[in-house]
Amino acid sequence: MLNSIGLQNPGVDYVIEHYLPKLKKYDTAIIVNAIGNTIEDYVEVCRRLNDTDIDGVELNLSCPNVHSGCMAFGVTYEGVKEVTSAVRKVLDKPLIVKLSPNVTDITVTARAAEDAGADGISLINAFTAMVIDIEKRRPVLGNNTGGLSGPGIRPIAVRMTYDVAKTVKIPVLGIGGIVTGSDAIEFMLAGATAVSIGAGNFYSPDTSIKVIKEIEDYLGKHDIDDINSIIGTVKMN
Ligand SMILES: Cc1cc2nc3c(=O)[nH]c(=O)nc-3n(C[C@H](O)[C@H](O)[C@H](O)COP(=O)(O)O)c2cc1C
């Protein structure tokens, strides 16, 4: 999937007032994905979220579809460290930093997040990509480029998860092309403590439920009682 939907949303106050009460009805953890154009934006959004009963914040330092902020912070050690440190000062809740794959070495930005006090790292966001209409000789997307996600990026995401999990001590949340239980297991063997699903929800809104069922099938088939026992256990050739 190649998307450039941007980050339209009604704003943090509206989310707190109208979305959270509805989400609280579900028996699950609520982690809010937060964005900003400036460091002050990130800090202010997280300051307000800190006063709610959400379970944690995932800082999006990696959206490839916006012209300022976001990925601009997420591609250098200094940028990630600066935003994460600033947010850390106002947020007492668990803080996950979501990293961009549009870098030469993702372990550098992962270390920045850890050094700045993040509690976890999630990776990866989408790859900056372009498709050209050869008749019009123009990019297909109005924004020219978009974020590439879905099963095609999974092997890269698994490799990056492996690299980052070996580099940092904090937990890693794996993302990228997960549509089946075996996809999720791959990330966990590579070192992910948890996984997340993006494009898969567009194939089918119940992808997460199917993935959980298939993870359980795998654990049963291999007589594994505790899923934590498989984290990071890939045996390299
Ligand atoms: C339509 C769409 C919207 C997305 N919006 C966000 C977002 O608001 N914040 C964010 O951190 N990532 C966002 N992502 C990125 C996904 O969470 C995920 O990191 C990426 O797409 C790779 O995973 P996937 O292959 O499972 O989609 C979005 C992805 C898609 C496809």
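This is a predicted model: local features need pLDDT of at least 70, side-chain atom pairs count only at pLDDT 80 or more; totals for chains, interfaces and linings use all residues.
User: Is S85 buried, partly exposed or exposed?

Analyst: The count to look at is 16 other C-beta atoms within 10 Å of S85.

User: How far apart in space are S85 and T207, C-alpha to C-alpha?

Analyst: Along the sequence, S85 and T207 are 122 residues apart. In space, their C-alpha to C-alpha separation is 35 Å.

User: Staying with α4, how are α2 and α4 oriented to each other, roughly parallel or oblique?

Analyst: Helix α2, residues 39-50, packs with α4 at an angle of about 30°, and their axes are 9 Å apart. Angles under 35 degrees count as roughly parallel. So α2 and α4 are roughly parallel to each other.

User: And which residues of α2 and α4 make the contact?

Analyst: The crossing of these two helices, α2 and α4, is right-handed. On the α4 side, the contact is made by E82, V83, A86 and V87, and on the α2 side by I39, Y42, V43 and C46.

User: By class, how many nonpolar, polar and charged residues does the contact of α2 with α4 have?

Analyst: The α2 side of the contact is I39, Y42, V43 and C46, and the α4 side is E82, V83, A86 and V87. By class, the contact of α2 with α4 has 7 nonpolar, no polar and 1 charged residues.

User: Let's move on to helix α5. Is α5 roughly parallel or oblique to α6?

Analyst: Helix α5, residues 106-115, packs with α6 at about 45°, the axes being 9 Å apart. The limit for roughly parallel is an angle under 35 degrees. That makes α5 oblique to α6.

User: Which residues in α6 do I106, T107, A110 and R111 in α5 meet?

Analyst: This is a pair in which α5 passes α6 in a right-handed crossing. From α5, the residues I106, T107, A110 and R111 meet, in α6, M160, D163, V164 and T167.

User: What about α6 and α7: are they roughly parallel or oblique?

Analyst: The axes of α6, residues 154-167, and α7, residues 181-190, come within 8 Å and cross at roughly 25°. That makes the placement of α6 relative to α7 roughly parallel.

User: Which residues in α7 do R154, V158, T161, Y162 and A165 in α6 meet?

Analyst: In this pair, α6 passes α7 in a right-handed crossing. The α6 residues R154, V158, T161, Y162 and A165 meet, in α7, D183, E186, F187 and A190.

User: Which elements are included in what covers the buried residues of α7?

Analyst: Helix α7 is mostly covered, with 7 of its 10 residues buried. The buried residues are D183, A184, I185, E186, F187, M188 and A190. What covers them includes α6, β10 (172-175), β11 (194-196) and α9 (207-221).

User: Now the ligand. Which of the residues that surround it are the closest?

Analyst: By class, the shell around the ligand has 10 nonpolar, 10 polar and 1 charged residues. In total 21 residues surround the ligand, and the closest are N60, S149, G177, G198 and A199.

User: What is the phi of N144, and is N144 buried or exposed?

Analyst: N144 is found in the loop between β8 (138-139) and β9 (146-148). Although N144 is not a glycine, its phi is positive, about 70°. With 12 other C-beta atoms within 10 Å, N144 is exposed.

User: Finally, how far is the C-alpha atom of D223 from that of A34?

Analyst: D223 lies in the segment after α9, and its phi is positive, about 55°, although D223 is not a glycine. With 6 other C-beta atoms within 10 Å, D223 is exposed. D223 and A34 are 189 residues apart along the chain, and their C-alpha atoms are separated by 39 Å.

Definitions and conventions:
Residues are numbered from 1 along each chain as its sequence is written. Axes are lines fitted to C-alpha atoms, for helices over the stretch in contact, and angles run from 0 to 180 degrees between N-to-C directions. Helices (H or I, at least four residues) and strands (E, at least two) are DSSP runs, numbered from the N terminus. Angles under 35 degrees count as roughly parallel, over 145 as roughly antiparallel, 65 to 115 as roughly perpendicular and the rest as oblique. A crossing is left-handed if the near helix is turned anticlockwise from the far one by less than a right angle, and right-handed if clockwise. Two residues are in contact if their C-beta atoms, placed from the backbone, lie within 7 Å. A residue is near a molecule or strand if its C-beta atom, placed from the backbone, lies within 6 Å of it. Ala, Val, Leu, Ile, Met, Phe, Trp, Tyr, Cys and Pro count as nonpolar, Asp, Glu, Lys and Arg as charged, and the others, Gly among them, as polar. A residue is buried if 20 or more other C-beta atoms lie within 10 Å of its own, exposed if 12 or fewer, and partly exposed in between; C-beta atoms are placed from the backbone.
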